[in-house]
Amino acid sequence: MTSLPPSSQPASPGRRSARRATGGARRPDLTVVLGVLLPVATLGIASLVTAAPPGATPRPPERSALTTSTLVCPSATERTTQVGVASTEPEVSGEVTVGGAEPLAVASGSVAETDRDDAVVLSGADTTAPGLVASRIVAPPLAAAGCAAPDADVWFTGVGAAARRASVLELVNPDAGAAVVDVSLHSGRGIVDAPELRGLTVPGGETLRVDLAERVPRRGELALHVVTARGRATAFVESRDDPLGRGGVSRDWVPAQTTPAEDLLLLGVPDGAGERTLTIANPGDDEVRAQVRFVTDDSVFAPDGLEEVRVPAQGVARVALAGLLTGAGDVLGLGVEASGPVTATLRSVADGDLALTVPGSPLEDPTALVVPAGEKRLLLAGADSTGAVSYVARSADGEKLAGDRVEIAPDRGLSIKLPRGAVLVELTQHGTTVVGAVLAAAAGSSTVLPLSTPQRELLVPDVRPGLP
């Protein structure tokens, strides 16, 4: 009897019964099911997201309340120092955190102080987050620096990396994770190949100090472009003037400039005779030409004998102004008009004292500045239209020592003497924007603090599928 091949034999009764119990069909393969259902589910989820219609353009960022904020103050050693903290918002009474642990009471119109010498991280929350301002004050001799929020892209112009003129770059990381920072160095001949300044790692919660004279020694005027590639960091530059045995070392901070621009206004020219050097940096790929003007209380003019300044691509140019400023009257500041975006710093050295002046940003909202006690002047200029400015000078406990509303117009400046006991200056603009700074002096030394608008809100970008 011929037997059937195994594949042709009828199934056993047990196997036939089992197939009937499952409906007579094979169980679906899991991979096949997922391959069909996952794309469908993805399309369903995407349909729940509001997509921009064809041809839509991005909307302006939406404003959101600021609920947390961070300010960082540079470290200071070898001298008596303090950090003054204030709020520009009305009716604020709360606490900020110093260094992540120490509470510091802050109230509107007054100045709270901490005397820590290391870099200070200030954290505001809820009502103390918006409008937070602070300054590091050092004396004697007098020096000061505004405390700043972490910024991913800043410039420092007019720094040095030689024995007599040295600068120290300080990077402060306020967060727990590491930050990575790249620094570009620009000289009179263009950008400098300095691989040792790229990929600087700042561990979480720590401070990294880079002495340029030791790391990249060279003579001449320099500019630094500091970019945070990963994490967050706040950058500061302390500049030192060392006469090498002929006197004491003078120090002050070079304030950062965040955005190169074609029109700059630098307010604050210290009194006295001595070195007055303007350094202009050009971050662009083409040569830039710049015209320097003097700003007084009744005019803005180009001084006789000062030619147009040519700034090489990716380089810096130096302009000596001491002779031109002598006999020019009470010059409140300098204007720089360039054919392309530039940065600039005025370096003033008189009787062994160093002071540094940088461009200010136009002020549109109310602001405040913590300033040193002693002699000082509030300097205002750069109005974009005829308007007025109201100022109030207060003591540390909030007492109003002076205040007024003054008229201001384009192409002229204002110099307002402030009370010696004032350590907080509040400013409000009416119908115009202005640039402001405070020039302070004590015991033969000077320092300049530019005014800036504190952060009060967050800008939330418009993010929708289909936007260009």
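**The second largest pocket**

The second largest pocket holds about 320 Å³ of space. A pocket here is an open set of points, on a 1 Å grid over the protein atoms alone, where a 1.4 Å probe fits and protein lies on both sides within 12 Å along at least five of seven lines. Its volume is the space filled by probe spheres set on those points, which are joined across faces, edges and corners.

This is a predicted model: local features need pLDDT of at least 70, side-chain atom pairs count only at pLDDT 80 or more, and totals for chains, interfaces and linings use all residues. Residues are numbered from 1 along each chain as its sequence is written, and side-chain values use heavy atoms, with hydrogens and water left out.

Which residues lie nearest the centre of the second largest pocket? They are Pro270, Asp271, Ala440, Ala441 and Ser446, out of 18 lining residues; a lining residue has an atom within 4 Å of a point. The lining divides into six nonpolar, four polar and eight charged residues. Charged means Asp, Glu, Lys and Arg; nonpolar means Ala, Val, Leu, Ile, Met, Phe, Trp, Tyr, Cys and Pro; the others, Gly among them, are polar.

**The disulfide**

The structure has one disulfide, meaning a pair of cysteine sulfur atoms within 2.5 Å. Cys73 and Cys147 form it, with their sulfur atoms 2.1 Å apart. Cys73 is buried at 0% relative accessibility, and Cys147 is buried too, at 12%. Buried means under 20% relative accessible area, with a 1.4 Å probe and protein chains only.

Note on methods
Buried means under 20% relative accessible area, exposed over 50%, partly exposed in between (1.4 Å probe, protein chains only).
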